[in-house]
Every structure is written in C-alpha cells, then in structure tokens.
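Have the viewer open while you read.

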Amino acid sequence: MSKTVLEARNLSVGYGGQAVVRDLNLAVRAGEIVCLFGNNGSGKTSTLLTLAGELPPIDGETRFLGEATRAPLYQRVRRGLAFITDERSLVFSLTARDNLRLRGGSVDGALALFPELEPHLDKPAGLLSGGQQQMVAMARSLANEPRVLMADELSLGLAPKLVDRLLRALRQAADRGLGVLLVEQHVSKALAISDRALVLSQGRVVLEGDAADLKQRVGDIEAAYLAGASEKHRTDKHSG
Ligand SMILES: Nc1ncnc2c1ncn2[C@@H]1O[C@H](COP(=O)(O)OP(=O)(O)OP(=O)(O)O)[C@@H](O)[C@H]1O
Ligand SMILES: [Mg+2]
C-alpha cells in the first residue's frame with residue numbers, strides 16, 4: 001500500500017477557538033485522489049487551510065509526508081505541497097508564460113499538459129479566460145512536481161468541458177504518484193476521477209467511502225447532504 005502523504009488526525013478546525021469542523025480523520029495516500037464534499041459553510045475551505053498550515057488547528061494534528069507538522073504554508077510548499085484555491089493566484093499583469101516560469105516551472109511541461117494554452121502564452125494572465133487562468137495555475141503547481149496537491153473549487157464557474165479537462169489532468173498527475181485532496185462542487189465528475197470521498201455536514205464527517213460505491217448514490221448524497229451547495233454557486237459564486 002502506498003505511503004500516506006497527507007493526514008488529519010482528530011482534527012478540529014475553526015476560528016477564534018470556535019470549531020467549525022470537529023474530530024476529522026482523513027488520509028490521502030500517494031497516487032490517490034480523495035474528495036471532500038459538503039454544503040456551503042460546512043468547513044471544506046477551512047479544513048484545507050488548516051491542512052495547508054494557513055490556519056492553526058483547534059485540536060488534533062495535521063500530518064504531511066508522514067510527520068506531524070505545524071509548519072506554515074510556505075514551508076510545506078517547499079517540501080512538496082501545492083495548494084490551488086479559487087482565487088487563482090496568478091500575477092495578472094505578467095504573461096501566462098512568465099506566470100508559468102515564476103517558481104522555476106517549465107513552459108514545455110505546461111504545454112504537454114494543456115496544449116491549448118500555446119496561443120495564449122504571451123497574453124497577460126489577467127486577460128485570459130477563467131478556464132485558461134485555471135490551466136495556468138494548475139500547470140504551474142504541477143510543474144514543481146509536488147507530492148501533495150490540495151485544490152479548492154478548481155472548476156468554479158468553468159464550462160463542463162473544461163472541468164473535465166482539469167480533472168483529467170489531476171487524475172494523470174495522481175497516476176504518477178501525486179496525492180490529491182479535492183474540494184469540488186461537481187460531485188459526479190469528481191467521483192469519476194477519485195478513489196475515495198468524504199462528506200461533511202455540520203462540522204462532522206457524515207459519510208465516507210470508495211468513489212466507486214458513492215458514484216451509485218450521487219442523487220441520494222446530493223439530496224441528503226448537499227442540498228444548498230448548487231444553489232449558492234448559481235447565485236453568487238460564478239466568476240470566470
Ligand atoms: N475567517 C473566518 N473567520 C470566522 N469564521 C469563518 C472564517 N472563514 C470561514 N468562517 C466560517 O467557517 C464556516 C466554514 O466555512 P468554510 O469557508 O470553511 O466553508 P466551505 O465548506 O468551504 O463553504 P463553501 O462551499 O461556501 O466554500 C462558516 O460558518 C464560515 O462562516
Ligand atoms: Mg469553500
């Protein structure tokens with residue numbers, strides 16, 4: 001069995017001493033994609049921030065590459081963590097090419113992953129479409145050959161075809177050994193490329209299992225636990 005590269009042990013997550021997620025246990029192994037689902041406000045982003053070292057745990061432990069750590073994000077990034085948030089984290093005034101090179105990444109590597117970026121390499125990143133920006137962000141993260149990637153709503157506001165494209169690229173990276181923790185609103189699409197998934201509700205894990213099993217029950221899962229999620233995304237979260 002592959003090595004566990006990212007782990008939460010009895011982790012409580014929150015703000016000002018108030019937990020929004022309690023007693024979370026999850027493990028991501030090398031080569032595996034694990035999805036974290038839950039309604040708006042259920043604590044998905046807060047969980048990723050805590051696992052990234054951006055938010056201190058209220059209780060319990062975050063582990064990275066097999067060791068408990070409280071290191072800040074930049075140190076985890078140096079050791080092989082990539083964190084893609086819905087703020088696409090590009091420098092909008094720089095070209096796509098320069099964004100790709102920023103942290104020593106390879107433009108060729110990015111083009112191998114997303115050939116459709118080629119005609120846009122010399123445009124300022126701020127003028128790219130949301131999908132193109134997200135491809136640049138993802139290519140840049142993968143260029144440094146991270147061991148672990150966490151992605152928060154990678155596909156927010158993107159066309160379904162592009163969502164498929166990004167998720168397929170993630171699957172390819174996982175097949176080469178990357179461990180992925182994915183927060184994604186497209187439940188079916190996410191399960192199709194994942195190994196396992198957890199559902200958060202009111203601060204607790206209410207369901208977890210193999211993606212293959214959960215895929216059979218997407219309708220029930222959405223109805224029982226994710227009723228509010230699509231609503232909010234339709235009304236106030238669409239971006240690019
Ligand atoms: N900086 C903050 N300070 C205090 N409370 C916060 C802060 N950020 C988030 N929260 C609260 O923590 C809870 C979980 O929020 P979080 O953003 O983690 O949820 P989420 O599952 O990512 O939701 P969404 O699907 O809308 O992105 C919410 O009740 C939110 O109001
Ligand atoms: Mg969120």
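A residue counts as buried here when its relative accessible area is under 20%. By that cut-off, helix α5 is mostly covered, with 13 of its 14 residues buried. One thing to keep in mind throughout: this is a predicted model.

**Helix α5**

Helix α5 runs over residues 130-143. From first C-alpha to last it reaches 20 Å, close to the 20 Å expected at 1.5 Å a residue. After α5 comes Glu-145, and its phi is positive, near 50 degrees. For background, most residues other than glycine have a negative phi.

**The ligand site**

Now over to ligand 1. How many residues surround ligand 1, and which are the closest? There are 13 of them, and the closest are Asn-40, Gly-41, Lys-44, Thr-45 and Ser-46. Sorted by type, the shell around ligand 1 has seven polar residues, four charged and two nonpolar. Helix α1 (residues 44-52) gives the most to this shell, contributing three residues.

| Residue | Ligand 1 atom | Distance |
|---|---|---|
| Tyr-15 | nitrogen | 3.3 Å |
| Thr-45 | oxygen | 2.8 Å |
| Ser-46 | oxygen | 2.5 Å |

As for cover, ligand 1 taken alone exposes 640 Å², and the protein buries 60% of that.

Ser-42 is found in the loop between β3 (33-38) and α1. Is Ser-42 buried or exposed? Its relative accessible area is 6%, so Ser-42 is buried. The side chain of Ser-42 reaches the backbone oxygen of Asn-39 at 2.7 Å. Setting aside neighbours within four places in sequence, Ser-42 is in contact with Val-20, Val-21, Leu-200 and Gly-203.

**Two loop residues with positive phi**

Leu-65 isn't a glycine, yet its phi is positive, at about 50 degrees. You'll find Leu-65 in the loop between β4 (59-64) and β5 (67-68). Leu-65 counts as buried because its relative accessibility is 13%.

Gln-202 is another residue other than glycine with a positive phi, this one near 45 degrees. Its loop is the one between β9 (196-201) and β10 (204-210). What is the relative accessibility of Gln-202, and does that make the residue buried or exposed? The value is 73%, so Gln-202 counts as exposed.

Last stop: Phe-92, in the loop between β6 (81-84) and α3 (96-101). Phe-92 counts as partly exposed because its relative accessibility is 43%, and partly exposed covers values between the buried limit of 20% and the exposed limit of 50%.

Which residues does Phe-92 touch, not counting those up to four places away in sequence? They are Pro-124, Ala-125, Gly-126 and Gln-133. Along the chain, Phe-92 and Pro-124 are 32 residues apart, but their C-alpha atoms are separated by 6.1 Å.

Definitions and conventions
Residues are numbered from 1 along each chain as its sequence is written. Chains are lettered from A and ligands numbered from 1 in the order in which they are written. This is a predicted model: local features need pLDDT of at least 70, side-chain atom pairs count only at pLDDT 80 or more; totals for chains, interfaces and linings use all residues. Side-chain values use heavy atoms; hydrogens and water are left out. A residue is near a molecule or strand if one of its heavy atoms lies within 4 Å of it. A polar contact is a pair of N or O atoms within 3.5 Å; within protein, one must be able to donate a hydrogen and the other to accept it, and residues adjacent in sequence count only if both atoms are side-chain atoms. Accessible areas come from the Shrake-Rupley method with a 1.4 Å probe; for residues, only the protein chains shown count as cover. Helices (H or I, at least four residues) and strands (E, at least two) are DSSP runs, numbered from the N terminus. Ala, Val, Leu, Ile, Met, Phe, Trp, Tyr, Cys and Pro count as nonpolar, Asp, Glu, Lys and Arg as charged, and the others, Gly among them, as polar. The expected span of a helix is 1.5 Å times one less than its number of residues. Buried means under 20% relative accessible area, exposed over 50%, partly exposed in between (1.4 Å probe, protein chains only). Contact means heavy atoms within 4.5 Å.
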